[in-house]
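Dear colleague,

I am passing on the structure below, together with notes on what was found in it. Please read the notes with the coordinates open beside you.

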Amino acid sequence: MTGAESGDILLACGTAVLSAFASEIGSAQLHPYKWYWWTLSVALWIVLALQMYGLFGRAKEAGSAIVQESRTLLLLLLIPFCAFPVLWVLGEEGLEVFPISYEVGFSCIADMVCKVVYGLY
């Protein structure tokens with residue numbers, strides 16, 4: 001996001017916040033409605049991923065010197081974040097495949113992996 005316009009940064013941050021907010025609301029709703037919120041959350045996450053790829057494409061066209069590092073960081077950000085919607089679906093809020101303690105544990109592990117790997121790179 002380095003070198004991006006402030007409107008692009010604000011839109012990406014707002015989309016990420018709305019996606020997390022939709023997931024949170026979905027976890028508090030009853031059966032048929034929680035899936036609407038989950039779908040909204042995933043749709044917003046896809047919009048965020050497309051925004052990030054668009055910013056990466058613009059940096060690549062501009063001939064930025066940090067394109068390869070940006071690509072790696074983008075993949076390190078987007079791929080692990082795919083785990084969270086899957087955990088939501090398989091966990092207590094979704095299909096109840098595994099109990100809440102496993103869902104929380106897997107979410108903590110996924111969160112730590114995302115933050116540590118991204119931070120150490």
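**Leu-44 and its contacts**

Leaving aside neighbours within four places in sequence, Leu-44 is in contact with Thr-15, Leu-18 and Ser-19, where contact means heavy atoms within 4.5 Å. Please bear in mind that this is a predicted model, in which local features need pLDDT of at least 70 and side-chain atom pairs count only at pLDDT 80 or more, while totals for chains, interfaces and linings use all residues. Residues are numbered from 1 along each chain as its sequence is written, and side-chain values use heavy atoms, with hydrogens and water left out.

Leu-44 belongs to helix H2 (residues 31–61); helices (H or I, at least four residues) and strands (E, at least two) are DSSP runs, numbered from the N terminus. With a relative accessible area of 18%, Leu-44 is buried, given that buried means under 20% relative accessible area, exposed over 50% and partly exposed in between (1.4 Å probe, protein chains only). Between Leu-44 and Ala-20, which are 24 residues apart in sequence, the C-alpha to C-alpha distance is 9.1 Å.

**The overall picture**

The protein has 5 helices and 0 strands, and its C-alpha trace spans about 50 × 30 × 15 Å along the principal axes. Of its 121 residues, 25% count as buried, and among contacts between residues at least 6 apart in sequence, 54% join residues at least 24 apart.

In the loop between helix H1 (6–28) and H2 sits Gln-29, which is partly exposed, with a relative accessible area of 33%. Not counting residues up to four places away in sequence, Gln-29 touches Lys-34 and Trp-37, and its C-alpha atom is separated by 9.0 Å from that of Glu-93, 64 residues apart along the chain.

**Two helix pairs**

Two packed helices are described by the angle between their axes and the distance between the axes. H2 and helix H3 (residues 67–78) pack at an angle of about 175°, with their axes 10 Å apart; here the axes are lines fitted to C-alpha atoms, for helices over the stretch in contact, and angles run from 0 to 180 degrees between N-to-C directions. By class, the contact of H2 with H3 has 10 nonpolar, 1 polar and 2 charged residues, where Ala, Val, Leu, Ile, Met, Phe, Trp, Tyr, Cys and Pro count as nonpolar, Asp, Glu, Lys and Arg as charged, and the others, Gly among them, as polar.

The axes of helix H4 (residues 83–90) and helix H5 (residues 100–120) come within 10 Å and cross at roughly 180°, which makes H4 roughly antiparallel to H5. This contact has 7 nonpolar, 1 polar and 2 charged residues.

**The two faces of H5**

Glu-103, Ala-110 and Cys-114 are the buried residues of H5. Seen down the axis of H5, they fall within an arc of 35°, so they line one face of the helix; the arc is that of the directions from the helix axis to the C-beta atoms. What covers these buried residues includes H4, whereas the face turned away from the buried side carries the exposed residues Ile-109, Met-112, Lys-115, Gly-119 and Leu-120.

How values were computed: Parallel < 35°, antiparallel > 145°, perpendicular 65-115°, else oblique.
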